[in-house]
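User: I would like to go through this model with you, starting with the overall fold and then moving to individual residues. Could you take me through it?

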Amino acid sequence: MKIDKFTATLIVIIILLIVCLFISTSSNTSDSDPYAKQKQKIDSLTIHIAALEEIQLKYDNTIAVYRDSLSLMDSQIDSTKNKIKKIQNDYGKKIKVISSANHDELGDFFTNRYK
């Protein structure tokens, strides 16, 4: 059986077409979604963003607690300042009285003070 040139060329072309068809089909199955990598990155970033939002909520809650604590401390400081001013005024009045007091009045003052 003798194969002429035309038949041999035809067989080679058919084999090449089959190989090309096989290669293109196999690459299409692996690349069925050309945006798969981008979708995977988007999903990964979405998960990362959700985790960061959760951490941000924790920080916001901590800041709110600190803000409330500072507000309470500010009110305590104001209360203490008012008490100090009242004591200063009371002792300022007593000092004025003491500066004009005689010896017996001074003795009574310190006796009453340290009872």
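**Overall architecture**

Analyst: From the N terminus on, the elements of the protein chain follow the order α-α-α. Please note that the model is predicted.

User: How many helices and how many strands does the protein chain have?

Analyst: The protein chain has 3 helices and 0 strands. Its radius of gyration is 47 Å, well over the 13 Å that the globule rule gives for 115 residues, so the protein chain is more spread out than a compact globule.

User: What does the C-alpha trace span along its principal axes?

Analyst: The spans of the C-alpha trace are about 150 × 20 × 15 Å.

User: And what share of the 115 residues is buried?

Analyst: Buried residues account for 1% of the 115 residues in the protein chain. The accessible surface of the protein chain amounts to about 11100 Å², and carbon and sulfur atoms contribute 64% of that surface.

User: Where is isoleucine 23 placed?

Analyst: Isoleucine 23 is in helix α1, which covers residues 5-30.

User: Now the charges. How far apart are the mean positions of the positive and negative ones?

Analyst: The protein chain carries 16 positive and 14 negative charges, and their mean positions are 3 Å apart.

User: Next, lysine 86. Is it buried or exposed?

Analyst: Lysine 86 counts as exposed because its relative accessibility is 56%, and the cut-off for exposed is over 50%. Lysine 86 belongs to helix α2, residues 36-99.

User: How far is lysine 86 from isoleucine 13?

Analyst: Their C-alpha atoms are separated by 109 Å. Along the chain, lysine 86 and isoleucine 13 are 73 residues apart.

User: What about serine 99: which helix is it in, and is it buried or exposed?

Analyst: Serine 99 is located in helix α2. With a relative accessibility of 62%, serine 99 counts as exposed.

User: And how far is serine 99 from serine 24 in space?

Analyst: Serine 99 and serine 24 lie 110 Å apart, C-alpha to C-alpha, with a sequence separation of 75 residues.

Technical notes
Residues are numbered from 1 along each chain as its sequence is written. This is a predicted model: local features need pLDDT of at least 70, side-chain atom pairs count only at pLDDT 80 or more; totals for chains, interfaces and linings use all residues. Side-chain values use heavy atoms; hydrogens and water are left out. Helices (H or I, at least four residues) and strands (E, at least two) are DSSP runs, numbered from the N terminus. The radius of gyration is taken over C-alpha atoms; the globule rule is 2.2 Å times the number of residues to the power 0.38. Buried means under 20% relative accessible area, exposed over 50%, partly exposed in between (1.4 Å probe, protein chains only). Accessible areas come from the Shrake-Rupley method with a 1.4 Å probe; for residues, only the protein chains shown count as cover. Lys and Arg count as positive and Asp and Glu as negative; His and the chain ends are not counted. The place of a charge is taken as NZ of Lys, CZ of Arg, CG of Asp or CD of Glu.
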